[in-house]
Amino acid sequence: MTGVQTGDCARFQNTRQANGKSTGAGMIRIRWGMRLAAFLSILILAASAAGQAATDPALAQADIYKGRALILRTGNPAPELAFDATGKPNKPGKPQDWTLSGFNLASTARRPDGALELTGTRVAIRYNPDQHSFERHVLKDATLRITFPAATAPDVDREMTAIFSTGIDPALQRALPSYWSHYFVPSLPWPVDGITDKDIVRTNAKLPEGAVYPIAETRNQPAYTDEARTDKVKGTVQLLIVVDPQGTPRRITVRQPLGYGLDERTIAAIAKWHFQPGTMNGVATPMEVVVNQPFDFVTSP
């Protein structure tokens, strides 16, 4: 020991002797008592939940959904959501992209008013281009409570199916905005628009002789979502668009996603871009264009 350490030990020992008791041992007993109390509280809560589930088939059925890759069908950033008996929200809310609408179920309970309550954590969805897969990332301090009426186990299954997609099921794919639904199902037809029945120069073909690509004249830059900024997400959103003869971007489709709501932010920004239209032998012609929008946390707005 150094002289300072030896002196500190001596002073600590003298204090213990002067007080007639061991301060260090007392603190240890207090800490162990606090830990034991916390552990017993957890056991009591767990036993209470288990007892409820044993006498309430609806709760037991809801517990089955723990560990599943749940995604809210109606994205809403509110910390508490209530649904009716058909799985529809009781109150309309601000829409939220599906990549910010994941949910990890942690606990279930029966409320005094008879409704079933689910408590868990919001989850962001991020695309891994190396694995060509979507990954789930738990969001920090993002607790979510969901309530709905359910008296029986079949009620729970009906409500859970209406409120959540397990993974990205076909019903969710069809319900998403067109830029996502065409990503999942590229063969979907587009609604009638200003370029319907017109020849479109495709990016998957060699650029024909006499063709000139569109050039962006005005660019709006997308902002980070709060969740992406908190988790310092970096990557690139790649979109496929068709620039019409007036220079307006149409038929915007996600080609390679990023997630965390950044795809939606990118599309909202690029929808406001204006292009010098592409031409074929000097005549403005609809053309596909691939747009890469990088997100670098260090330089994000």
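**Close-up views of the predicted model**

The protein exposes about 17200 Å², of which carbon and sulfur atoms supply 56%. The views below are taken from a predicted model.

**Figure 1. Overall content of the protein.** The protein has eight helices and 14 strands. Of its 301 residues, 36% are buried. Among contacts between residues at least 6 apart in sequence, 71% join residues at least 24 apart.

**Figure 2. The open sheet of six strands.** The order of the strands is S2-S5-S4-S3-S1-S6, and the pairing is mixed. Strand S2 (80-82) and strand S6 (164-166) stand at the edges; each has a single partner strand, so one side of each is left without a neighbour in the sheet. On average, and with direction ignored, neighbouring strands of this sheet are turned by 45° against each other. Strands of a sheet pair through backbone hydrogen bonds, either parallel or antiparallel. Strand S1 (residues 70-72) pairs with strand S3 (residues 102-110) in the antiparallel sense, over two bridges.

**Figure 3. The hairpin of S3 and S4.** Eight bridges hold the antiparallel pairing of S3 and S4. Leu105 stands opposite Gly120 in S4. Five residues lie between the two strands of the hairpin. In the turn, Gly114 has a positive phi of about 95°.

Figure 4. Eleven of the 13 residues of S4 are buried, so S4 is largely enclosed by the rest of the structure. S4 and S5 run antiparallel and are joined by twelve bridges. Arg126 has Glu135 as its bridge partner in S5. The hairpin of S4 and S5 has four residues between the strands, and there His132 takes a positive phi near 55°.

**Figure 5. Helix H4 across the six-stranded sheet.** Helix H4 (residues 153-163) lies across S1, strand S4 (116-128), strand S5 (133-148) and S6. The helix runs at about 90° to S6. Ala153, Asp155, Val156, Glu159, Met160 and Ile163 are the buried residues of H4. These residues cover an arc of only 150° around the axis, which puts them on the same side of H4. Their cover includes helix H3 (57-63) together with S1, S4, S5 and S6.

**Figure 6. Surroundings of Thr99.** Thr99 is found in the loop between S2 and S3. Its relative accessible area is 0%, under the 20% limit, so Thr99 counts as buried. A polar atom of the Thr99 side chain lies 2.8 Å from the backbone nitrogen of Gly261. With neighbours within four places in sequence left aside, Thr99 is in contact with Val123, Ala124 and Ile125 among others. Further contacts of Thr99 include Trp180, Gly259, Tyr260, Gly261 and Asp263.

**Figure 7. Surroundings of His182.** His182 is placed in helix H6 (residues 178-184). With a relative accessibility of 7%, His182 counts as buried. A polar atom of the His182 side chain lies 3.1 Å from the backbone oxygen of Leu188. Leaving aside neighbours within four places in sequence, the contacts of His182 are Leu188, Pro189, Trp190 and Thr253.

**Figure 8. The open sheet of three strands.** The strands follow the order S7-S12-S13, and their pairing is antiparallel. Strand S7 (211-212) and strand S13 (283-284) stand at the edges with a single partner strand each, so one side of each is left without a neighbour in the sheet. Strand S12 (residues 279-280) runs antiparallel to S13, and two bridges join them. The bridge partner of Thr279 in S13 is Ala284.

**Figure 9. Ala223 and Arg265.** Ala223 lies in the loop between strand S8 (215-218) and helix H7 (226-230). Its relative accessibility is 33%, and Ala223 therefore counts as partly exposed. In sequence, Ala223 and Arg265 are 42 residues apart. In space, the C-alpha atoms of Ala223 and Arg265 are 6.7 Å apart.

Key:
Residues numbered from 1 in each chain as written. Predicted model: local features only at pLDDT ≥ 70, side-chain atom pairs only at ≥ 80, totals over all residues. Heavy atoms only, no water. Pairing = 2+ DSSP bridges. Axes fitted to C-alpha atoms, helices over the stretch in contact; angles between N-to-C directions. Contact = heavy atoms within 4.5 Å. Buried < 20%, exposed > 50% of the residue type's maximum accessible area, 1.4 Å probe, protein only. Polar contact = N/O pair within 3.5 Å; in protein donor to acceptor, adjacent residues only side chain to side chain. Arc of directions from axis to C-beta. Areas by Shrake-Rupley, 256 points an atom, 1.4 Å probe, with all protein chains shown as cover.
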